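Here is a short report on charged side-chain pairs. Look at the sequence and the model below before reading on.

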Amino acid sequence: MKKRHAALAVVAGAATVALALSGCSTSSSASSGPVTLKVWTGFTGGDRPGYAQIVKDFEASHPNIKVDMTVQPWDTIQQKLPSAWLTGQGPDIAAPSSDPNAIAQYVKTNSVMALTNTGTGKNDIDTAALAPGTVKEFTYNGKLYAIPANFATLSLYYNKKLFQQAGIANPPTTVAEMAADAKKLTSGGRSGLVLADNQTIQMWPILQWLEGGDIVTSKGCSALQTDASQQGLSTWADLVAKDKISPVGLTGAEADSLFSAGKAAMEMNGPWAAPGYKSAGIDLGIAKIPVGVDGKSVTLGSTAPLAISAKTKYPDQAKQFLAYWTSKSVQQKFSLTTGFPPLRTDLASDPKLAADPTVSVFASQVPDSRLYLPHLQNATKVDSDAYVPLIGKITRGTSVDSATKDAGTTINGLTGCSQ
């Protein structure tokens, strides 16, 4: 995974690379000896060694199964995989996209296998332990069709030096404190809290959730004009437009650059950002996202699906691989190797993870996380055509009431809602 420059993603694309992993020379069609599972993913960032370690360890513990994992750009996978899976020429297992909602198209074309090995057995997927919302996200018509390949949460990064200069002893613990601190820390060309609103994993939904608002209802209708949503959007739009706590129209990369340069005191970001900020010499602090008006914790969680081809020749072996991938010991090791949180909730207070000051913060927020626009028809277009333009308008002075009416109409048109 890289930094968060593509919405909804915790992963990034790069040039095609084949990982030659532990004896993949055995033919997968051989009638005797190990079978070979072919896997396609787009995991090319800082967490890539963690995925390679999963494959290596799986092969060591399953001597009759080899794994040939090919890493390629997400757009390449999205172009090749639909026809490859339909014709039976594709990989046994794939991460179809960095967008979790993409699994729906493969369900419609009967290209992915329903996962029936759920439970707590050795070769079962323990769905009860997976991060909130992920099981529902990959379930259609009562059947599970994918697992979360990864999971990342957003936390609050803060510059300890700038906090000290402003006379603030500790990071904010409530949304009201975060708003007040952002204003106090904004001075002399320095931003109190940089808020990207495009080409980024979304952070504005967190601000709405903290105020009790939301973007869509459980029926897929716009929730932008509820009192809570209006309040949350108004609070933070005014802080940007009037109090100048953040420059307007920042991309994720631009927000990251400001924080790295010591020109921003706070930023909400994922675990992939920590190494870069530390290498830039920032006196870095990482804290949980402050609690909302209801006193509860909430943050954004991001994931990508991992699914099995409906036409794989090795369904049992493929299901074993997915069960292994999601197992507790494997996810613990993955988290310690990469610095990313595990995709399981039962590791939130694991002693080994708690000993790592960075991993512990992100891992502790997994149980309190929410997905952005989960299981929503046309979610990508709801983001690009409605939500991103909405934030752009209100941070430039357009009234929240007017902007949310327009965005709500767009959302309802895209989701087919008829309120």
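Helices here are DSSP runs of H or I with at least four residues, numbered from the N terminus. The model is predicted.

Side chains of opposite charge can pair when their charged atoms come close. This structure holds 10 salt bridges.

| Pair | Closest N and O atoms |
|---|---|
| D238 and K242 | 3.9 Å |
| R344 and D346 | 2.7 Å |
| K405 and D401 | 3.5 Å |

**K405 and D401.** Both residues lie in helix 16, which covers residues 400–415. They are four residues apart, so about one helical turn separates them. K405 is partly exposed, at 44% relative accessibility. D401 is partly exposed too, with a relative accessible area of 38%.

**R344 and D346.** Salt bridges with shared partners tie D126, R344 and D346 into one network. R344 has a relative accessible area of 6%. Buried means under 20%, so R344 counts as buried. D346 is partly exposed, at 33%.

**D238 and K242.** A salt bridge links these two residues, with 3.9 Å between the closest N and O atoms. The cut-off for a salt bridge is 4 Å, so the pair counts. How exposed is K242? Its relative accessibility is 62%, and K242 counts as exposed. D238 is partly exposed, with a relative accessible area of 34%.

Conventions: Residues numbered from 1 in each chain as written. Predicted model: local features only at pLDDT ≥ 70, side-chain atom pairs only at ≥ 80, totals over all residues. Heavy atoms only, no water. Salt bridge = Lys/Arg side-chain N within 4 Å of Asp/Glu carboxyl O. Buried < 20%, exposed > 50% of the residue type's maximum accessible area, 1.4 Å probe, protein only. Helix = DSSP H or I, 4+ residues; strand = E, 2+ residues; numbered from the N terminus.
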